[in-house]
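Hello,

Here is the structure you asked for. My notes on it follow below.

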Amino acid sequence: MSRTRVRAPELRGRRWLNTGGTELTLADLRGKIVLLDFWTFCCINCLHVLDELRELEERYADVLVTIGVHSPKFVHEADPDAVAAAVERYAVEHPVLDDPELVTWDAYAARAWPTLVVIDPTGYVVAHLAGEGHGHGLGVLVEELVAEHESAGTLRRGDGPYVAPPEPATALRFPGKAIALPGGTFLVSDTAHHQLVELEADLVTERRRIGTGERGFSDSPARFSEPQGLLLLPEQARAEYDVVVADTVNHALRGVRLADGTVTTLAGTGEQLRTRVEPGAGAAELSSPWDLAWWEDRVVVAMAGSHQLWSFDPGSGVVAVLAGTTNEGLRDGAPADAFFAQPSGLATGPDGTLWVADSETSALRSVQAAPAAGPQFTTATGTGLFDFGFRDGPAEEALLQHPLGVAVLPDGSVAIADTYNGAVRRYDPATRTVGTLARDLREPADLLLDGDSLVVVESAAHRLVRVPIPASTRVDGRAHRVRRSRTDLAPGALALRIDFTPPTGQHLDTRFGDPTSLTVAASPPELLLDGAGTAPGLTRTLRFAPDAPAEGVLQVSVAAAACDANDEGDDGVFAACHRYQQDWGIPVRLVEGAPEELVLDLRAVR
């Protein structure tokens, strides 16, 4: 489908990072291929894209300029210090436009995190892509644009505008998780240093470091990439290793033998899982494992990248999906039906309850093994992807903001690292209420019970601190919703279309049926009369209920498989295939006379 050529809107925001103080304009970038990456630092899919782009940025350094446009979802993500810290934490090595008011986001009609926009050397938008997994297609598109504009004399080669910031120096750098070791020491994942550090009981003195400190994936010498979760195995489960490590950006589980620091890869290939794996099944690849817990005689893995919980059996080495459909959202029920959204913290209670910090829904979830009826996931507090805040009280009214850690206290209540509120919260299952234990912390990412206090991993302060466990104090803060422009749509029937153009050299793989899948849901559910559910295809007719509320959220998930042509140029069985997938949450408002069509770009090329 042909489209009108669109001149790229100017880049406007609060300030620029990674430019040495220079404010960039599109005129400054004329002659370069410009890739805009609309991201926010809470979003695991956005973090995946940052890693996907590294190879492209290196390969096309003289013609491609990547601009990160930081477009916050949560209130905390609009804080300028938090944005600067995130740019450092995730080793972003390109200019970043800080856009807290979503000015540039709106100008480019972005609808999802992440969104990628390609601008050609003459300043026109040539592609609009949503989600992750576009690295190969972007490489093909860049090659085409280089050939076209070099021939036309409109391509300018040379260095880009990136200016590296000063190198910081602290003992720890954005530590992620911590565990207690036998003998009274603590093991910490020193995430941005790509190492593990054993600290004495004073939480400062270093006993040793494990890993070279270079980002990488090898056992000898030991290299990690942004490790997060740690788990000391029960004695009966220890064999060749004592500690399991969630090596997040390597998409792997690693084992560490405490006696000598030997590191072993237990699961994962170093490549990110890009297929949907159903509960009960397994795969060789993993996707951003973030935390670990021991539950029901196995290791539970918070698989943030696929919005699932997985299990790992140290005896057999088998990994499998424990719960979650891969749909991003909040839905309770049986493991095979539950929705999660970037689970990032795990803890097991003495009663056998597994507690989950479900970060993107700002929720605390749990499951109890119940052999008679089967395990059922429930939500203790939290309402979904779009509501968050800082409010105590009855659990159904309380609000968190992107929690990353949990710990079970001696009285059976649950302490929550309420990361973006800079607080430690407490959920009491007996009274179903939420209180606040501590405030004014800098992005607490994990909690560890230590006698009468909690050890808090204060990630953005680059340290561990002890916090006494006081009686909770009440906070009545503000409630927030995700700040995005509503899309006005007409009541009645709606034509939904997903635009998807495979990269040059690929085609939709139809050998085994329709290679696409479209899932539609609504919040509240009564918004839709017809059209919800999952079915093949990239188009669907939805119908809003006659008595539907005036506002709500359409949740749309799509997946498509495209395959490379083989050496004969056809769709041979041995062609390599690529999966494209994205979830959208579209705030909508029903208005008479508004459009009757909604078009979402999975991969649209002008």
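Two strands count as paired if DSSP finds at least two bridges between them. The model is predicted, and the notes should be read with that in mind.

Sheet. In E15, Thr264 is the bridge partner of Gly255. Five bridges join strand E14 (residues 252-257) to E15, in the antiparallel sense. Both belong to an open sheet of four strands, ordered E12-E13-E14-E15, with antiparallel pairing. Strand E12 (227-232) and strand E15 (262-267) are at the edges, and each pairs on one side only. From one strand to the next, the twist averages 30 degrees.

Cores. The largest nonpolar core contains 47 residues, and Leu36, Ile67, Tyr108 and Ile119 have the most contacts inside it. Among the elements that each supply at least two residues of this core are strand E3 (33-39), helix H1 (44-59), strand E4 (64-70) and strand E6 (115-119). Leaving aside neighbours within four places in sequence, the contacts of Ile119 include Ala8, Leu26, Leu36, Tyr108 and Tyr124. A second, separate core has 30 residues, including Leu489, Leu496, Ala548 and Trp584.

Helix H4. Does the length of H4 agree with what its residue count predicts, or disagree? At 1.5 Å a residue, the 18 residues of helix H4 (residues 135-152) should span 26 Å, and the end C-alpha atoms are 26 Å apart, so the two agree. Buried residues of H4 include Gly135, Leu138, Leu141, Leu145 and His149. The cover over the buried residues of H4 includes E3, H1, E4 and E6, along with strand E7 (124-130) and strand E43 (597-605). Just after H4, Gly153 has a positive phi of about 80 degrees.

Regards

Technical notes
Residues are numbered from 1 along each chain as its sequence is written. This is a predicted model: local features need pLDDT of at least 70, side-chain atom pairs count only at pLDDT 80 or more; totals for chains, interfaces and linings use all residues. Side-chain values use heavy atoms; hydrogens and water are left out. Axes are lines fitted to C-alpha atoms, for helices over the stretch in contact, and angles run from 0 to 180 degrees between N-to-C directions. A nonpolar core is a set of buried Ala, Val, Leu, Ile, Met, Phe, Trp, Tyr and Cys residues joined through side-chain atoms within 4.5 Å. Buried means under 20% relative accessible area, exposed over 50%, partly exposed in between (1.4 Å probe, protein chains only). Contact means heavy atoms within 4.5 Å. The expected span of a helix is 1.5 Å times one less than its number of residues.
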